[in-house]
Amino acid sequence: MVKIAILGFGTVGSGVAEVIEENADSIARRAANEIGVKYILKRKQLPDSPFADKIIHDFSIIEKDPEIQVMVECIGGLDAAYDYTKRCLMAGKSVVTSNKELVATKGHELIAIAKEKNVNYLFEASVGGGIPIIRPITQCLAANEIDEIYGILNGTTNYILTKMIQFGASFEQALKQARDNGFAEKDPTDDIEGHDSCRKICILSALCFGRHVYPHQVPTRGISGVTRSDVEYARHLGYKIKLLGRALRTGKDTITAYVAPHLINKTSLLSNVDGVMNGIVVHGNAIGEAIFYGAGAGKLPTASAVVADVIDAVKHFKARKYLDWEDSVPGYVTDSDELPSRWYVRTGASLEEIGRAFGNVKFISYPEADPGEYAFATREMTGHQLKSLINGMEVRSVFRILD
Ligand code: HSE
């Protein structure tokens, strides 16, 4: 039997232990080995848990135990997770994680250590929860030159926007439900302000384009500025508001990436990705467009991806999985404001001001709209051009339109 250790026993860690126990027979068949949990690292005791006898508090027991060949890191965040991951890899143990913050921030360094020690650092669950996306990009789509990847990468914000769009729910009610269901991050600001989506697009970008993209290089806006009136204007234009992470190739060795709310056409597949679901679109020069859809957050969907990585690690003790990228270089990430699109603008400016700046635009209205404001869709222009046109105007919302 292969013995593993789980670090952290919150939503994901406990889901991993449950799936390993529940699906023991099929997991053993697929891994060609039985897999059992030997240790669970947790600060507190859990006397009522069926896993109580596995709880330990000292990480060095795991680090020094030669029987542990795979460690599952579900602590989240950077500090302890980074330290323990590095120490396990250095000790020649494979590491599996759902920790997107760690992969987005230190992935290049940790993969390099794994390579040196001939072990695996696997993170299928870090993007898209239970959706297979890391392996499809690195294996099934390996024949393609990928030029763009974008999608709904955060279940919590998609859940909130869906409740606002479908039921007129308030932001606070919807957030509470997402937290009660275990979708949200420890600090839901990371979801709401787009940081979680930012980390995920960094990872996807590294896999698609071959270089590390650090979160601070990615302009990021979340959904805290999206109002009920934006949702209604979008609906009357035939669009839905969704938070997207997007990365595109802009040159031979340059890319751009950003996270922001978008108006997306109601006829597009992505516009029907609702609730906690995630949807990711990949453009490749051989496949054309492929879309990946499924549960983007939650205990068992995430555990499903983590345990699949554990099985893969067990099957590849003597081989490294191809999962690799170079570090970033100066100038690699270009300005996302150079990227053209149409834009949705909601403003308190007068008709004259709007006409002077934009010429003819497509105004949007609905019966209960605030009579003191206008909303319209622009022609295609870059972010820089838009900023110069709205300079000095009282602007309430600006989002890209994706057709
Ligand atoms: N908080 C994240 C989300 C969890 O809502 O998508 C899954 O990464």
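Predicted model: local features only at pLDDT ≥ 70, side-chain atom pairs only at ≥ 80, totals over all residues.
The chain contains 14 helices and 16 strands. Its C-alpha trace spans about 75 × 50 × 35 Å along the principal axes. The radius of gyration is 23 Å. A compact globule of 403 residues would have a value near 22 Å, so the chain agrees with that expectation.

Burial and surface were examined next. Of the 403 residues, 56% count as buried. The chain exposes about 17100 Å². Carbon and sulfur atoms supply 50% of this area. The chain carries 46 positive and 50 negative charges.

The largest nonpolar core holds 112 residues. Within this core, I4, V16 and Y121 touch the most other members. Helix α10, spanning residues 195-209, gives the most to the core, with nine residues. Another core, of 12 residues, lies apart from the largest one. Its members include A349, I354, F376 and L386.

The surroundings of I4 were then listed, leaving out residues up to four places away in sequence. I4 touches I20, as well as I35, G36, V37, K38 and Y39. Contacts of I4 also include I68, V70 and V72. V310 is touched by I4 too.

Terms used. Residues numbered from 1 in each chain as written. Heavy atoms only, no water. Helix = DSSP H or I, 4+ residues; strand = E, 2+ residues; numbered from the N terminus. Rg over C-alpha atoms; globule rule 2.2 N^0.38 Å. Buried < 20%, exposed > 50% of the residue type's maximum accessible area, 1.4 Å probe, protein only. Areas by Shrake-Rupley, 256 points an atom, 1.4 Å probe, with all protein chains shown as cover. Lys, Arg positive; Asp, Glu negative; His and termini not counted. Charge placed at Lys NZ, Arg CZ, Asp CG, Glu CD. Core = buried A, V, L, I, M, F, W, Y, C linked by side-chain atoms within 4.5 Å. Contact = heavy atoms within 4.5 Å.
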